[in-house]
Amino acid sequence: MNRAAFLAVSVATPFALRKAQSSLALVTADTESRVVVVDLDLGNVRSHIATRPGPRSIERVGETAVVAHSVLGELTLIDTRTLQIRHVLTGLAEPRYTAGTADGRHAFVTDSGHTDLVTVDVVRGTIVGRLKLTQWPRHLSLSRDGRTLWVGLGTAAKELAVVDVADPRQPVLRGHVRPPFLLHDVAITPDGRRAWVTAGTSSKVAVYDVRSARVLRTLPSDAGPQHVSFTAGRAFVTSGDAGTLRVYDEPSMQLLGRAELPVGSYNVQFAGRRVLSPSLNAGTLCVVDREGVVKLRTHVAASSHDACVARG
């Protein structure tokens, strides 16, 4: 299939015209070359968007969902209004994860193969900046003011990079932070004051003061690697190996509860006042409320790596 024909592949009927008020999630089907559209209100699969092979991570940036194909070295940009593919970008080695600017114009993508941080203009569908990092970047998080990225440098890394992205096209490395364990994921809180850093192999989470890069508290957790997201004043920490989700009061860092998820539920992403966690092992998507109660568990694919909200 040529590129022009491939870009023409889209959902049979534009859902924006069919049910404008539906809350929709997009879930990667890693082994099936597609992204699954899930209706979060009805709890069912609405349709599929055909993609290039191996869609892994997915992140919404403005009105664009950025899908990383790590093996191919490509990005697919999906319009979240029409659920149609707008661009397919090449020129990367192993794109991993994405963070986006508040204005929805730029996406920062970690490229482990080139040890780069890549800036993408998601509206134009072009790469507009690169920064060489010291090791293999993966998870990353952008501060509330949009000026600073914290970037984990591996799956079980000794340090993370602090990058100035005040000018998205010219990111600048400002320094490194070395946690008290080998780190995996990092997420800066919505108020921009703290960063939660999870472990790659141990059962710990460190909470940092962003301004001083000082550890405020180290919390016990379930088996690493863990991932973390926030919504409605809560922090949600998953352990895919243990099949658990821990819910914390974010300001006080106090544990509020613990939910059971399918094993392989590694990634977690906020969706309004809910969080989404897909499972690599079970191919499910779980939707959990702010109290840690699993409200929806639906099978979407043979294996599901990541999810984001398209609407609602």
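Predicted model: local features only at pLDDT ≥ 70, side-chain atom pairs only at ≥ 80, totals over all residues.
**Entry 1: pocket and cavity**

Residues are numbered from 1 along each chain as its sequence is written, and side-chain values use heavy atoms, with hydrogens and water left out.

For my own record, the search runs on a 1 Å grid over the protein atoms alone: a pocket is an open set of points with protein on both sides within 12 Å along at least five of seven lines, a cavity is a set of points where a 1.4 Å probe fits but cannot get out, and lining residues have an atom within 4 Å of a point. Grid points are joined across faces, edges and corners, and a volume is the space filled by probe spheres set on the points.

I then asked which residues of the lining are the closest to the centre of the largest pocket. Of the 40 lining residues, these are Glu59, Ala99, Ser141, Gln269 and Phe270. The strands β4 (58-61), β8, β12, β16, β20, β24 (269-271) and β28 (304-311) each supply at least two residues of the lining. Strands here are DSSP runs of E, at least two residues long, numbered from the N terminus.

I found one cavity of 30 Å³ or more. The largest cavity has a volume of about 30 Å³, and Arg56, Ser57, Ser70, Arg96, Tyr97, Arg138 and His305 line it.

**Entry 2: nonpolar cores**

Next I looked up the cores. A nonpolar core is a set of buried Ala, Val, Leu, Ile, Met, Phe, Trp, Tyr and Cys residues joined through side-chain atoms within 4.5 Å. Buried means under 20% relative accessible area, exposed over 50%, and partly exposed in between, with a 1.4 Å probe and protein chains only.

The largest core has 29 residues, and Leu149, Trp150 and Val163 have the most contacts inside it. At least two residues of this core come from each of β8 (95-100), β12 (140-142), β13 (148-152), β14 (160-164), β16 (183-188), β17 (194-199) and β18 (204-209). Strand β14 gives the most, with four residues.

Leaving aside neighbours within four places in sequence, Leu149 touches Ala99, Phe108, Leu117, Leu140, Ser141, Leu142, Ala161, Val162, Val163 and Val165. Another core, of 15 residues, lies apart from the largest one and includes Leu40, Ala271, Leu276 and Leu285.

**Entry 3: the four-stranded sheet**

In what order do the four strands of the open sheet stand? I read β20-β21-β22-β23, with antiparallel pairing; two strands pair if DSSP finds at least two bridges between them. The edge strands, each pairing on one side only, are β20 (226-231) and β23 (254-260). Neighbouring strands are turned by 20° against each other on average, direction ignored; the axes are lines fitted to C-alpha atoms, and angles run from 0 to 180 degrees between N-to-C directions.

I went through the pairs one by one:

- β20 and β21 pair over six bridges, and His227 stands opposite Thr238 in β21. Their hairpin has two residues between the strands, and Ala232 in the turn has a positive phi of about 50°.
- β21 and β22 are joined by six bridges, with Tyr248 in β22 as the bridge partner of Ala235. Their hairpin has four residues between the strands, and Gly243 takes a positive phi near 70°.
- β22 (residues 244-249) and β23 also pair over six bridges, and Tyr248 stands opposite Leu255 in β23.

Is β21 (residues 234-239) mostly covered or mostly open? It is mostly covered: six of its six residues are buried. In a regular strand the side chains alternate between the two faces of the sheet. On one side I listed Arg234, Phe236 and Thr238, and on the other Ala235, Val237 and Ser239.

**Entry 4: backbone angles**

Most residues other than glycine have a negative phi, and most peptide bonds are trans. I therefore noted the exceptions.

- Gly224 and Pro225 are joined by a cis peptide bond, with omega about 5°. Pro225 lies in the loop between β19 (214-220) and β20.
- Ala213 has a positive phi near 55°. Ala213 sits in the loop between β18 and β19 and is partly exposed, at 33% relative accessible area.
- Met253 has a positive phi of about 65°. Met253 is in the loop between β22 and β23 and counts as buried, at 10% relative accessibility.

Terms used: Contact = heavy atoms within 4.5 Å.
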